[in-house]
Amino acid sequence: MSYEPFAGSAAPQGRERLAESSDRLRIDVHRRTAGSTELAEDVRRGLLAPQKTLPPKYFYDDRGSELFDAICDLPEYYLTRTGQALLDRVAAQIVRAARPSVLVEFGSGTSRKTRTLLNALARARRDVCYVPMDVSEGMLRRAALALLREYPSLRIHGIVADYERDLHRLPPGRQRLVLFLGSTIGNLTRTATAEFLRALRRQLGSGDYFLLGVDLVKPVEILEAAYNDRAGITAEFNRNILRVINRDLDAAFDLDEFEHVAFFNREQSQIEMHLRARSAQRVAIGGLDLTVPFAAGETIHTEISRKFTRDEVETALRVAGFQPVDWHTPPNNFFALALSRAT
Ligand code: AVJ
């Protein structure tokens with residue numbers, strides 16, 4: 001029995017807005033709490049902690065997503081280019097190994113890299129249903145509509161949800177290939193990664209495949225340059241999280257008062273991004289009825305981006321119930337695609 005996302009279900013939310021293509025597109029929207037309650041909780045918790053933190057998922061409003069897209073084109077940001085070139089080279093091989101009929105993707109964004117796999121699938125004459133999962137509804141919708149135009153036989157079942165929390169929303173299916181590309185997994189702590197992999201494995205059947213993109217450990221100058229670009233786009237991207245909070249929680253962050261800081265933490269093998277207060281200040285957050293004090297030089301930790309070794313990745317996969325199948329790297333060993341199979 002193949003996966004039938006469009007059979008027997010009630011008209012999904014948002015379908016009316018997609019009349020031209022509704023027979024090939026379904027988008028489910030899952031939000032745990034209404035409005036910006038979750039943002040409010042996360043910001044309150046994060047800014048009241050001794051080391052202030054903000055979760056990186058809040059970078060990605062429309063402006064943040066555009067800035068991230070611009071980062072991907074920066075000369076210093078080798079990740080996207082390297083990952084894409086690698087996928088170009090091995091996509092056909094991955095399709096032959098996994099023989100998928102469903103392509104699931106977490107943090108799908110603009111689905112740039114997805115096209116490479118869809119093209120390889122088309123060449124192998126495999127029809128698939130594409131299941132992107134992303135927190136940004138606008139982006140998911142735009143990406144889906146573009147893909148429907150480009151791939152006339154593709155069906156898409158989009159899930160607007162948070163892959164860390166809503167994995168159980170994944171529709172059932174067989175012969176699935178799950179994509180988690182771009183080293184997005186690097187944003188998760190070691191513990192969160194183990195939990196994510198275990199939760200993912202629970203959702204899969206044995207024989208489903210998992211393709212994981214990871215950034216690898218490399219000389220510190222190269223790593224730090226990638227997060228401190230000369231054009232200052234990464235700094236803008238980092239500060240954008242304050243813009244989001246200003247807008248959605250009626251806060252009064254002065255963006256010029258916060259400096260972008262990014263460095264490689266060797267012990268943790270991760271790039272850390274922070275926003276450092278240039279001077280002592282108090283920031284009112286209207287939506288939280290809160291004023292947050294900052295000492296001069298105090299930082300808000302906004303992101304970790306972990307850098308992996310092969311051993312670490314394959315061990316984590318095995319512990320979670322995946323059998324490593326292929327380890328693809330480019331000649332410079334900057335990036336890896338780990339193909340594994342749910343056992
Ligand atoms: C989207 C999480 C892979 O960690 O490199 C880019 C995000 N942050 N520049 C990364 C990011 C700063 C990116 N990931």
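Modeller: The model is a predicted one. The sheet is open and has 4 strands, in the order E2-E12-E9-E8, with mixed pairing. Strand E2 (52-53) and strand E8 (258-265) are at the edges; each has a single partner strand, so one side of each lacks a neighbour in the sheet.

Strand E12 covers residues 299-306, and its pairing with E2 is parallel, over 2 bridges. In that pairing, Lys-52 has Ile-300 of E12 as its bridge partner, and Thr-53 lies opposite His-301 in E12. Strand E9 (residues 270-277) also pairs with E12, here in the antiparallel sense and over 7 bridges. As for burial, 8 of the 8 residues of E12 are buried, so E12 is largely enclosed by the rest of the structure.

Turning to the helices, H3 (residues 78-98) packs against H4 (residues 112-123) at an angle of about 20 degrees, and their axes are 9 Å apart. Angles under 35 degrees count as roughly parallel, and H3 and H4 are therefore roughly parallel to each other. Their crossing is right-handed. Residues in the contact include Gly-83, Leu-87, Ala-91 and Val-95 from H3, and Thr-116, Leu-117 and Leu-121 from H4. By class, the contact between H3 and H4 comprises 8 nonpolar, 4 polar and 3 charged residues.

Note on methods:
Residues numbered from 1 in each chain as written. Predicted model: local features only at pLDDT ≥ 70, side-chain atom pairs only at ≥ 80, totals over all residues. Heavy atoms only, no water. Pairing = 2+ DSSP bridges. Axes fitted to C-alpha atoms, helices over the stretch in contact; angles between N-to-C directions. Parallel < 35°, antiparallel > 145°, perpendicular 65-115°, else oblique. Left-handed = near helix turned anticlockwise from the far one by under 90°. Contact = heavy atoms within 4.5 Å. Nonpolar A, V, L, I, M, F, W, Y, C, P; charged D, E, K, R; others polar. Buried < 20%, exposed > 50% of the residue type's maximum accessible area, 1.4 Å probe, protein only.
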